[in-house]
Every structure is written in C-alpha cells, then in structure tokens.
Amino acid sequence: QYAKITCTSRYVPENAVSNHQLSTMMDTSDEWISSRTGIQSRNIVTNENTSDLCVRVAEKLLEKSGKNAEDLDFILVATMTPDYGTPSVACLVQGRIAATQAFAFDISAACSGFVYALSMGEKLIRTGKKVGMIIGGETLSKALDWNDRSTAVLFGDGAAGVLLEASDEEHFLNEKLQADGQRAKSLTSGYIENKSPFYTGAPESSGYLQMTGRDIYDFSLNDVTNNIREIVEEDVDYLLLHQANKRIIEKISKKLNVPREKFLTNMEHNGNTSAASIPLLLDESVENGVLQLGSKQKLVLTGYGGGLTWGSILLTL
Ligand SMILES: O=C(O)C1CCN(c2ccc(-c3cc(CO)ccc3Cl)cn2)CC1
C-alpha cells in the first residue's frame, strides 16, 4: 500500500505583530524587514505553548476528516521548540485528543522537520499502518533574544499538519533527505546548561536562537538548490519551500530556471515558522483553491535549516 495526504489544517495564535509594532520595540523598520525578508507581520503567542497550537491542528484534522482519534495509528510532531524535553509534544497531543491507539514522538530537524516527518510517516504507512498525523508546530517566540533585532524580526509562531492514509495509488514519487552536522553551529537554539555540582564545563552557547545569517543564506542557495534540482521533474506544478526569506526563494527559482510563480509563499503574514512553515503554506493553498487534494497536482516540498538539515519530497495530491 501507498501513502496519501487526505486532509490538511492549520492554527496560528491570534496575536498578529506587524513590522511597525516591532519598530516601536527595537531599532528596526517596516521598510528594512519587508524589503530584506518579505515579512510584513507574524503571529506571536501570549498564553499558548507549542502543544496547544498542535492540539488545535489535530482537532481540526479530526473534525475536517470525520476520523475518530482512536483510528489514529501514529502522531509525529516536528518541532524545535517543544514544551518539554519530555514528554514529547506528540504525546501531549495524543493525550489531549485521546488517540489511545497511537504511538507518538517528536522529530527534531529544525526547518526541515516537516519534510523529515512526512517522509517517516510515509514509510510507516508503506509498512502497514493505516492512518497517521504529521504536524509541524513551533513557538519560536520563546527561543528568541527579543533584544537582538537581527533574529527577533524574522520568526513567528504557528502549527499546521496533514492526515496521511493508506491508499492503493502511488503519491510519493521521490525524496532526498540530507544533513551536515559539521555546519551545526551555523544555527543553534535552546542550549541546555548542565548545572550539576559535578559539572565543570562552561556553557557553550546561550539558550537563544543564534544564526550566522550569511552561512545559512549561502547554504540555502547552494546545497538546497542542488537538492531540489535532483528531485524536480519537468511538469512540477508548485514548489513549497520552507518560508525563511523571500529573496532566497527568488534566487533559488532563478538558479533552477523554474518560473517564480511556481514557488508559493506566505512569509508575508507568518514570518519564518520553522517546521510549521511548509504545512501552513500547504493548508492555506488548499483553502484558497490553488491546491486541491486528489487533483494529482505535482508538488515539491523542501525544508532547509538548523542541523544543518535539508530535504525534498516529490509528491502528487
Ligand atoms: O541583511 C539581510 O538581508 C538579512 C540577512 C539575514 N537574513 C536571513 C538569513 C538566513 C535566513 C534563513 C533562516 C533559516 C532558518 O529557518 C533557513 C534559511 C534561511 Cl535563508 C533568513 N534570513 C535576513 C535578511
């Protein structure tokens, strides 16, 4: 049996924060942010954690699909901002929706997390599982140094996901998942200090999200473009890349010589939501009719970011 995406949903916190609002909090401007990143606003939690956002997505997937929570065989959550080290966000979601038959775990692959998790979910279906949930969810706002204008203006909170079900039609056509731990320090977040009385080592990083923007930019232009080139086929309808930066997407479309209008974008109103960015874009595009489940539209989903990790999946809806 094959795997098929049968439902999509999303949830973002209602607190929308505009570039202008940020310009009253730190030394930045709407002009700088929107011209350099394409971001105009982002949603920031005021009293929710990552599990709360993911529970809303899970509840909407059940409601939209008519599935019962007990039907679920597994729940995978891709996140770099979990509520706890343990229990996983996936287990918190499993408990809140009472999906008592589902096993559940988180996947840590930063902005490639959703693509990694979708690939793993597809293998679970191909080896016999019937129904699973794949959710990307983040509350990056808790990982940011809100005095560092170079990162605080880039990221947003949100969650979105899909239902994956067994099908006799083949929808997952190709994939290539990659990593490079030798460039791990280019993007770090959430370092946990050891405070035991026996520990003599010095903390090697702050807990805040830190990135060497230039290195990540170059990585995205080079390694990621090569990865997509290996996966893309002539008649791809749309490419849904991790929504990190509008200029990067424009540069990748030029390097690939693939028309810019095939690259869907929504960073304008979400900011960079790491593992949530691709499923947010997928659900918004289904809701606005650009994409239709069951239409056989051919998509490439590409994540890239911390780890370093990157990866693409070629699939039909
Ligand atoms: O000066 C400028 O133009 C600045 C230069 C620095 N910028 C960056 C740099 C890197 C990223 C980024 C982040 C991730 C992690 O999700 C993945 C992929 C990318 Cl390309 C996003 N923005 C903002 C505009």
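Modeller: In the protein chain, 52% of the 317 residues are buried, meaning under 20% relative accessible area with a 1.4 Å probe and protein chains only. This is a predicted model, in which local features need pLDDT of at least 70 and side-chain atom pairs count only at pLDDT 80 or more, while totals for chains, interfaces and linings use all residues. Residues are numbered from 1 along each chain as its sequence is written, and side-chain values use heavy atoms, with hydrogens and water left out.

The protein chain contains 10 helices and 13 strands, taken as DSSP runs of H or I with at least four residues and of E with at least two, numbered from the N terminus.

Around the ligand stand 16 residues, the closest being R36, C111, I216, H242 and N272; a residue belongs here if one of its heavy atoms lies within 4 Å of the molecule. Three of these side chains make polar contacts, that is, pairs of N or O atoms within 3.5 Å. An N or O atom in the side chain of R36 is 3.0 Å from a ligand oxygen, a polar side-chain atom of H242 lies 2.9 Å from a ligand oxygen, and for N272 the distance is 2.8 Å. Of the 540 Å² that the ligand exposes when taken alone, the protein buries 89%, with areas from the Shrake-Rupley method and a 1.4 Å probe. Two elements, α2 (30-37) and α7 (213-231), each give two or more residues to the shell, and α7 supplies the largest share, four residues.

Key
A polar contact is a pair of N or O atoms within 3.5 Å; within protein, one must be able to donate a hydrogen and the other to accept it, and residues adjacent in sequence count only if both atoms are side-chain atoms. Buried means under 20% relative accessible area, exposed over 50%, partly exposed in between (1.4 Å probe, protein chains only).
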